[in-house]
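Have the viewer open while you read.

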Amino acid sequence: MNKKETFMHEAIRLSLEKMEAGFGGPFGAVVVKDGEIIARGFNNVLSSNDPTAHAEVDAIRKACKALDTFQLTGCELYTSCEPCPMCLGAIYWARPDKVYYANTKEDAASIGFDDHFIYQELDKDLPERSIPMEQLLAEEAKISFQVWEQKADKSRY
């Protein structure tokens, strides 16, 4: 078995172990840097009552904490399933070098984890979305953006 398969086996093991323990759905992930696992994540939506507690987000948070950084450049993410739109966004913000996945989003949809509707929602104009969105106090909110733009000691990310 090669290293990539070893790392994926660990993500799959986590998905099964933590799901059976009641943490959440059958999803696991690991972050690898320099050939070593630096963080393990798993879906803990049910145990934490946090709808954002997906395996990839959990692994990214733990890896960033372990590395004391907000980006995972030089890292790889191994996840037991193709990332959902939320996790995909987190992955792009974290900037790992590569993502490996096992199950597909179609596999996930076949057992009730269907995120296709989110992709459809993103293509709709705001008034057409199933959750209403309304802009409020836009001018007041721009102040923080103006302050950020002028901030000399900001860290871009």
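Two strands count as paired if DSSP finds at least two bridges between them. Helices (H or I, at least four residues) and strands (E, at least two) are DSSP runs, numbered from the N terminus. A bit of housekeeping: this is a predicted model, so local features need pLDDT of at least 70 and side-chain atom pairs count only at pLDDT 80 or more, while totals for chains, interfaces and linings use all residues. Residues are numbered from 1 along each chain as its sequence is written, and side-chain values use heavy atoms, with hydrogens and water left out.

Let's start with the strands around S3. Here's how S3 pairs up:

| Pair | Sense | Bridges | Bridge partners |
|---|---|---|---|
| S1 (residues 28-33) and S3 | antiparallel | five | Val-31 and Leu-77 |
| S3 and S4 (residues 98-103) | parallel | five | Tyr-78 and Tyr-100 |

From S3 the chain runs through helix H4 (residues 85-94) to S4, a right-handed β-α-β crossover (with the strands pointing away from the viewer, the path from the first strand over the helix to the second runs clockwise). Six of the seven residues of S3 (residues 75-81) are buried, so the strand is largely enclosed by the rest of the structure. Buried here is under 20% relative accessible area, exposed is over 50%, and partly exposed is in between (1.4 Å probe, protein chains only).

Now for the packing. A nonpolar core is a set of buried Ala, Val, Leu, Ile, Met, Phe, Trp, Tyr and Cys residues joined through side-chain atoms within 4.5 Å. The largest one has 16 residues, and those touching the most other members are Ala-29, Val-31, Ala-59, Ile-60, Ala-63, Leu-72 and Leu-77. S1, helix H3 (55-67), S3 and H4 each give two or more residues to this core, and H3 gives the most, with five. A second, separate core has eight residues, including Phe-7, Val-30, Tyr-78 and Tyr-100.

Tyr-92 is exposed, with a relative accessible area of 62%.

What is the volume of the largest pocket? About 360 Å³. Its lining counts 23 residues, with Phe-27, Asn-43, His-54, Cys-84 and Phe-113 nearest the centre. Helices H2 (45-48), H3, H5 (105-110) and H6 (116-123) each give two or more residues to that lining. For a pocket, take a 1 Å grid over the protein atoms alone: it is an open set of points where a 1.4 Å probe fits, with protein on both sides within 12 Å along at least five of seven lines, and lining residues have an atom within 4 Å of a point. Points are joined across faces, edges and corners, and the volume is the space filled by probe spheres set on them.
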